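User: I'd like to take a close look at one part of this model with you, and then see how the rest of the structure is arranged around it.

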Amino acid sequence: MVAEKARVLNLVQAINEALDLALARDERVLVFGEDVGRLGGVFRVTEGLQAKYGEGRVFDTPLAESGILGLAIGLAMGGMRSVAEIQFAGFLYPALDQILSHLGRWRHRSRGRVGLPVVVRAPYGGGVHTPEQHADSPEALLAHTPGVKVVIPSSPERAKGLLLSAIEDEDPVFFLEAIKLYRGARAEVPEGYYTLPLGRARVVREGKHATLIGYGGMVEVMLEAAEVAAREGVEVLVVDLETLVPLDEDTLLEAVRETGRAVVVYEAMRTGGFGAEIAARIAEGAIDYLQAPVVRVAGYDAPYPPFSAIEHHYRPSAKRVLAALRRVLTH
Amino acid sequence: MKLKVVQYLDKEEFPLSEGEALALYRAMRRARFFDEKALLLQRQGRLGVYAPFMGQEAAQVGVALALGDRDWVVPSYRESALLLARGLPIHVLILYWRAHPAGWRFPEGVRAVNPYIPIATQIPQAVGLALAGRYRGEDWVVATSIGDGGTSEGDFHEGLNFAAVFHAPVIFLVQNNQYAISVPRAKQMRVDYIARRAEGYGMPGVVVDGNDAFAVYLEAKKAVERARKGEGPTLLEALTYRLAPHTTSDDPSRYRTREEEEAWRSKDPILRLRKALEAAGLWDGDLEEALLRELEEEFARELALADQAPEPTPEVIVEHVYARLGLDQRRAWEALRRGKHVEELW
């Protein structure tokens, strides 16, 4: 049920609207984390929600990420629907025991008795000169955890519908929000409550010469590269994965089979990144169609640089994507 | 803060009703009976690695019986006595320790979740579960448990702080059994009593003789009442001793003396309670014998039930990862179901 009217919103506004609608629709939904109450979150994603829904349903927690995850799990065990914010994805690390040992495991270890409707939202990624540790992209770590889902939207309109699906979901969902897009991405967003299905990738640009695959903050980078390539007569197909787990393998493989050339783009560290999983799936499922090796454009095997003058050399750019396209097209 | 170890046994007064005292004894004796049988089964290869609780029955049963029907238990892995006293059927517990999937889904009516294997992660989760009751307008209280070693973990600190800040109705039972596997309490912390830490969180801290069922039960009851009335959490430290090894894979002779074990054996919580009951004319050899016969019969019945559980089939591995099988789980499920592995089916 998509409402007729749409307005232009940025990512922060779209996510705020989704949280607002979820809180209004289901009284089991609770929004909590560090600074999400009175302040409205360090990025203002939860702005106005505490005033509207009260301190019971939108509340600040003590500054302790493992405690936040444990609280989210316990509340869900007791029948609530937790929407926890971790201030930056790079601050998920103190909570890894809760995440790896419990969040995705409870349904399995209780043989279905304890399911956990928990959404963990966290801003991730670089491109905006944040301090050290604030630009990490730990999606591969999360995707490597059984029992959780991982969603990374690339636009305000998609984010709203995907977040509402995540909150309705019976399983834990990590919802990573690219910091670069918070105010940088603006799009028409339908009013009212609507959901977009998890677990489906989508082709955001058609093309027949090569395929770009990415998600979140990399989608605009891939589209920019595709635009430049088009001026040289190269038609690039662009896939926005949106959900990393569960992965829409069919759409991914079909998009690669169509062009026979694939470049995977992600801003996390290259080795063991989620793009490696994509490359492996392509090798397993579409090798006969490949006319060139799969190329990864990713961060380097180093910490995300806190040095603002040179961080753009770490985070994939359209220029780097174009170089990779040239490589697969001339192989 | 001055802390005094609360103790009732070995004194003149008899602070409980006959019914309560007998219920404690029966549940503790039943738990001990299970523990002994479990160790035997393990030696026969009919149980997996097992964590015995022998010596800690008063601490666990005392708290279990202080709870109401609607209350929840969030246990660690040495809490089989707590689970039994909360109504988990023996055959389910046997299957749990056999690592059989049928033992990992606790029955709906049992208000206890599966034991936690990582240390202290249960603490913040117990706080969340307690708060969920408040949101739902159900006044359930949560009892969670941890050992002395577990209190060194960050999650213990975070969980207690959260509980205090949110005024959560939780009883934190610390079974201070003197050792974290081999590391003695004195190498774990500098405080005399763990309950002392409660003050730092802004909640009451109580330390009891953990081998005194009356003391544990009465103090746990007070804590439950406080929690139910909306007066927040309590840290309840029970001083006790693990008479058996850490698990069936452990060898305590490498880190503690026989003399020490014997000294604690003389403070066995079951013997002490039995003495009190006998002195009050509530128990005797005949009643003990009848109880043991009853327990023997019950255990035989329950073991037979556990033995009837069919061998799990491999596709169980990928079930209940998500509410519904995803593409990757479905592929694996179909392969395993056919006696294959997923890479064989390409």
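In what order do the five strands of the open sheet in chain A lie, and what kind of pairing do they have?

Analyst: Happy to! One thing to keep in mind is that this is a predicted model. The open sheet in chain A has five strands in the order β9-β11-β10-β13-β14, and their pairing is mixed. At the edges are β9 (202-205) and β14 (295-299) of chain A, each of which pairs on one side only. From one strand to the next, the twist averages 25°.

β9(A) and strand β11 (residues 236-240) of chain A run antiparallel and are joined by three bridges. Within this pair, A:Arg202 is placed opposite A:Asp240 of β11(A).

Two helices can be followed against the strands. Helix α11 (residues 274-286) of chain A packs on the sheet and touches β10 (210-214), β13 (262-269) and β14 of chain A. The direction of α11(A) makes about 155° with that of β13(A). Helix α12 (residues 318-329) of chain A lies across β10, β11, β13 and β14 of chain A, and runs at about 165° to β14(A).

Now for the wider setting. Chain A is assigned two domains, domain 1 (6-190) and domain 2 (202-329). Taken over C-alpha atoms, the centres of domain 1 and domain 2 of chain A are 26 Å apart. Their contact takes 25 residues from domain 1 of chain A and 20 residues from domain 2 of chain A. On the domain 1 side of this contact, the elements giving two or more residues are α6 (139-143), β6 (149-151), α7 (156-168), β7 (173-178) and α8 (179-184) of chain A. By class, that side has 13 nonpolar, six polar and six charged residues.

Elsewhere in chain A, strand β4 (residues 81-85) is worth a stop. β4(A) is mostly covered, with five of its five residues buried. In a regular strand, side chains alternate between the two faces of the sheet. Here A:Arg81, A:Val83 and A:Glu85 point one way from β4(A), while A:Ser82 and A:Ala84 point the other way, and all are buried. β4(A) has parallel partners: strand β2 (residues 29-33) of chain A is joined to β4(A) by five bridges, and strand β5 (residues 118-124) of chain A pairs with β4(A) over four. Two bridge partners to look up are A:Val29 with A:Arg81 of β4(A), and A:Ala84 with A:Val120 of β5(A).

Chain A also meets chain B, in a contact that takes 33 residues from chain A and 33 residues from chain B. On the chain A side, α3 (65-77), α4 (96-103) and α5 (106-109) each supply at least two residues. The largest share of that side, nine residues, comes from α3(A). The chain A side divides into 11 nonpolar, 14 polar and eight charged residues.

Finally, over in chain B, helix α1 (residues 18-43) packs with helix α10 (residues 269-279) at an angle of about 150°, and their axes are 10 Å apart. The crossing of α1(B) past α10(B) is left-handed. From α1(B), residues B:Ala21, B:Leu24, B:Tyr25, B:Met28, B:Arg29 and B:Arg32 meet B:Pro269, B:Ile270, B:Leu273, B:Arg274 and B:Leu277 of α10(B). By class, this contact has eight nonpolar, no polar and three charged residues.

Technical notes:
Residues are numbered from 1 along each chain as its sequence is written. Chains are lettered from A and ligands numbered from 1 in the order in which they are written. This is a predicted model: local features need pLDDT of at least 70, side-chain atom pairs count only at pLDDT 80 or more; totals for chains, interfaces and linings use all residues. Axes are lines fitted to C-alpha atoms, for helices over the stretch in contact, and angles run from 0 to 180 degrees between N-to-C directions. A crossing is left-handed if the near helix is turned anticlockwise from the far one by less than a right angle, and right-handed if clockwise. Two residues are in contact if their C-beta atoms, placed from the backbone, lie within 7 Å. Ala, Val, Leu, Ile, Met, Phe, Trp, Tyr, Cys and Pro count as nonpolar, Asp, Glu, Lys and Arg as charged, and the others, Gly among them, as polar. Two strands pair if DSSP finds at least two bridges between them. Domain bounds come from an automatic or database domain assignment. A residue is buried if 20 or more other C-beta atoms lie within 10 Å of its own, exposed if 12 or fewer, and partly exposed in between; C-beta atoms are placed from the backbone.
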